[in-house]
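Visitor: Could you walk me through this one? I have some quick questions.

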Amino acid sequence: MDLQFNVAMLLLEAVLYFGVMAFLFRVRHWLGSGIFFCTLGSMHFLETYLAATFYVSVPGGFMLSPGSTVLFSGKLVLLLLVYLRENAAVVRQPIYGLLVGNLFLVGLVFVLRLHAALNADAGTSLPDLPFLDTMGWLMIWGSTLLYIDCLMIILLYNHLARLVSRPVLRIWLASSVVLTFDQIGFFAALHVIMDMPYPVLFGGWMAKMVAAALFSGLSGVYLRWIEPATSVPTPLRLGEVFEVLTYQQRYLALVEQAGRDPLTGLQNRTRLETLGAETVARLARDGRSFGLLIADVDRFKQVNDSYGHAAGDQTLQAVAAALQSCLGEGDLAFRYGGEEFVVLFADHTAAEVAEVADQILRAIRAGHCHPADSDLTASIGFAMSPADGSDLNALFQRADERLYEAKRAGRDRAVGPRLHAATRHATPGLQQP
């Protein structure tokens with residue numbers, strides 16, 4: 001009876017652990033990632049302590065620890081989840097944090113030995129510093145294994161895409177292989193340092209295989225129904241594996257540079273179709289308000305025909321600078337092509353986007369954008385979610401229609417869902433077009 005009860009408790013602990021951590025990860029856009037990472041890190045000492053001291057019996061005569069079976073296995077799959085829904089630059093933060101923290105723990109315990117410690121009370125004993133030493137080195141070894149484990153599980157998950165299309169199966173296969181490696185590596189340290197018997201190795205391995213299946217299934221539920229994918233990660237080549245958790249920011253910088261329009265420095269049309277679509281999908285999924293604005297320079301062809309293409313390029317650069325001067329930190333600006341620009345606004349109302357549109361019109365007029373230093377104007381159309389749609393294509397189409405309404409109404413004005421056409425000397429109204 002006790003053996004079956006132990007199994008039931010392990011399953012309950014696994015579901016509880018994954019459920020709480022998945023919830024904290026899901027609300028990272030509201031509470032920040034720090035709460036997820038701090039909670040994950042605070043469990044690291046507990047999982048190492050339990051793996052070294054706390055074991056239970058299960059059917060078959062095997063011994064296993066909840067720290068290794070539940071907490072570590074769950075943590076590894078959760079870190080893969082972070083990679084899938086964020087990127088490698090984010091997932092490496094807790095890995096390095098744990099490694100550095102454990103090194104610091106060992107160093108600090110060494111310094112503490114220099115104290116002439118006193119008992120605070122006759123009924124208490126001095127702290128067991130040798131035990132802290134043992135735990136510290138086990139945690140360092142565990143963090144080193146975790147670093148290798150994360151490299152392996154990311155690599156395996158990506159390359160299994162060629163053979164297995166279902167993400168749940170890929171998570172299960174990758175985590176099973178990596179947890180097998182980890183069980184051998186961590187048991188070796190336990191056996192050498194603490195003389196753990198071999199039944200711990202076999203029992204722990206079998207339990208981790210069950211944990212791999214359980215956590216993979218729970219991850220599948222999360223990826224499909226809680227936070228569906230907006231893009232598919234690009235498989236990594238073998239030579240890129242080390243850079244995944246070390247120099248990923250260089251790769252991301254190259255991607256960012258490749259997505260920039262070389263003339264204006266704004267993000268280009270390709271980035272609108274990828275980053276823009278992902279951003280809109282995420283905002284819609286989170287139930288947040290957002291809008292899309294299209295600005296088109298009026299009579300730009302006349303500038304090229306009268307002053308040449310070099311002057312036209314300078315005009316576009318000046319327009320881009322004027323546009324950016326009106327945007328907030330979270331707004332995304334793109335050069336769509338030619339003299340057209342697109343802006344995505346998160347957490348804005350129609351009235352707030354209308355105000356920004358008016359600022360853009362005034363900034364372009366006053367920004368000395370015209371090569372002859374005369375007034376240059378633009379026309380703007382914008383759309384808001386959910387009234388005008390909840391995906392990028394729907395918002396773009398509606399904003400484009402309103403842009404042409406502004407053109408037909410005489411240019412140098414903005415049209416939106418609650419916005420009349422605005423003359424160049426008037427502030428846009430907030431009425432239905």
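What follows is a short chat about helix packing, cavities and backbone details.

Visitor: What kind of model is this, and how are residues numbered?
Guide: It is a predicted model, where local features need pLDDT of at least 70, side-chain atom pairs count only at pLDDT 80 or more, and totals for chains, interfaces and linings use all residues. Residues are numbered from 1 along each chain as its sequence is written, and side-chain values use heavy atoms, with hydrogens and water left out.

Visitor: Helices, then. At what angle do α6 and α7 pack?
Guide: About 155 degrees, with the axes 9 Å apart. Helix α6 covers residues 129-159 and helix α7 covers residues 167-194. Helices here are DSSP runs (H or I, at least four residues) and strands are E runs of at least two, numbered from the N terminus. Axes are lines fitted to C-alpha atoms, for helices over the stretch in contact, and angles run from 0 to 180 degrees between N-to-C directions.

Visitor: How are α6 and α7 oriented to each other, parallel or antiparallel?
Guide: Roughly antiparallel. The cut-offs are under 35 degrees for roughly parallel, over 145 for roughly antiparallel, 65 to 115 for roughly perpendicular, and oblique for the rest.

Visitor: Which residue classes make up the contact of α6 with α7?
Guide: The residues there divide into 19 nonpolar, 4 polar and 3 charged. Nonpolar means Ala, Val, Leu, Ile, Met, Phe, Trp, Tyr, Cys and Pro; charged means Asp, Glu, Lys and Arg; the others, Gly among them, are polar.

Visitor: And what about α7 with α8?
Guide: Their axes come within 8 Å and cross at roughly 150 degrees. That makes α7 roughly antiparallel to α8. By class, this contact has 14 nonpolar, 10 polar and 2 charged residues.

Visitor: New topic. How many cavities of 30 Å³ or more are there?
Guide: The count is 2. A cavity is a set of points, on a 1 Å grid over the protein atoms alone, where a 1.4 Å probe fits but cannot get out; lining residues have an atom within 4 Å of a point. Grid points are joined across faces, edges and corners, and a volume is the space filled by probe spheres set on the points.

Visitor: What is the volume of the largest cavity, and what lines it?
Guide: Its volume is about 120 Å³. The lining includes His 44, Glu 47, Asp 182 and Lys 208. α3 gives the most, with 4 residues. By class, the lining has 4 nonpolar, 5 polar and 3 charged residues.

Visitor: And the second largest cavity?
Guide: About 70 Å³ of space lies there. Among its lining residues are Tyr 55, Met 63, Gln 183 and Val 200. The largest share of that lining, 4 residues, comes from α7. The classes are 7 nonpolar, 4 polar and no charged residues.

Visitor: Back to the backbone. Which peptide bond is cis?
Guide: The one from Ser 385 to Pro 386, with omega near 5 degrees. Pro 386 is in the loop between β6 (378-385) and α15 (392-408). Most peptide bonds are trans.

Visitor: What is phi at Asp 195?
Guide: Near 55 degrees, a positive value in a residue other than glycine. Asp 195 lies in the loop between α7 and α8.

Visitor: Is Asp 195 buried or exposed?
Guide: Exposed, at 61% relative accessibility. Buried means under 20% relative accessible area, exposed over 50%, and partly exposed in between (1.4 Å probe, protein chains only).

Visitor: Where is His 368?
Guide: His 368 is in the loop between α14 and β6. Its phi is near 55 degrees, again positive. His 368 is exposed, with a relative accessible area of 60%.

Key:
1 Å grid on protein atoms, 1.4 Å probe; cavity = no way out; pocket = protein on both sides within 12 Å on 5 of 7 lines; lining within 4 Å.
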